[in-house]
Amino acid sequence: PRFCLGRAKPNSLGERGLFTVCVTQLNTRTTAETLRDMIDRVGLKPLHVHIPLREGFHTKTEVSDLNEGFAFVTFKKERAAAALMKMKLVVDGEAVDFER
């Protein structure tokens, strides 16, 4: 598991000065909407939540919507990103992790 917090490069939104937290240990069925709702409930307002989906993973009938088990959450303020890191969150039955 890795953690990334900072503004080293423009992020995927193309802006400088945004802070991204890497959330690990996600349930592979967690959606970006579920994670955003959980973070909203604790009073933090992320600008963007991105959960990479597994590529090329297929079931017999359809392409799977399973994620890779991690997410990127972007905030406008470093204070919000740091506050998220200090929290103990359980999302879809899994205790998520934040590491430096």
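Q: What covers the buried residues of H2?
A: Bear in mind that this is a predicted model. The cover over the buried residues of H2 includes E1, H1 and E3.

Q: Which residues of H2 are buried, and how do I read their arrangement on the helix?
A: Ala 80, Ala 81, Leu 84 and Met 85 are the buried ones in H2. Look down the axis of H2 and these buried residues fall within an arc of 140°, so they line one face of the helix.

Q: And what sits on the other side of H2?
A: There you'll find Arg 79 and Lys 86, which are exposed.

Q: How should I think about a nonpolar core, and which residues have the most contacts inside the largest one here?
A: The general idea goes like this: in soluble globular proteins, nonpolar side chains tend to be buried together. Here the largest nonpolar core has 21 residues, and those with the most contacts inside it are Val 21, Val 23, Leu 35, Val 73, Phe 75, Leu 84 and Phe 98. At least two core residues come from each of strand E1 (19-24), helix H1 (32-41), strand E3 (70-75) and helix H2 (78-86). H2 gives the largest share, four residues.

Q: Let's zoom in on Leu 84. What does Leu 84 touch, setting aside residues up to four places away in sequence?
A: On that count, Leu 84 touches Val 21, Ile 39, Leu 44, Val 73, Phe 75, Leu 89 and Phe 98.

Q: How do I read a pair of aromatic rings, and how many aromatic pairs are there here?
A: You describe such a pair by the distance of the centres and the angle of the planes. In this model the count comes to one aromatic pair. The ring centres of Phe 70 and Phe 72 are 5.5 Å apart and their planes sit at 80°, so the pair is edge-to-face.

Q: Where is Phe 70, and what is in contact with Phe 70?
A: Phe 70 belongs to strand E3. Leaving out neighbours within four places in sequence, Phe 70 contacts Val 23, Thr 24, Leu 26, Ile 51 and Pro 52. Phe 70 and Thr 30 are 40 residues apart in sequence, while their C-alpha atoms are 9.5 Å apart.

Q: Where does Thr 31 lie?
A: Thr 31 is in the loop between E1 and H1, and is partly exposed at 34% relative accessibility. Its C-alpha is 9.4 Å from that of Val 49, which is 18 residues away along the chain.

How values were computed:
Residues numbered from 1 in each chain as written. Predicted model: local features only at pLDDT ≥ 70, side-chain atom pairs only at ≥ 80, totals over all residues. Heavy atoms only, no water. Core = buried A, V, L, I, M, F, W, Y, C linked by side-chain atoms within 4.5 Å. Buried < 20%, exposed > 50% of the residue type's maximum accessible area, 1.4 Å probe, protein only. Contact = heavy atoms within 4.5 Å. Phe/Tyr/Trp six-rings, centres within 6.5 Å; stacked < 30°, edge-to-face > 60°. Arc of directions from axis to C-beta.
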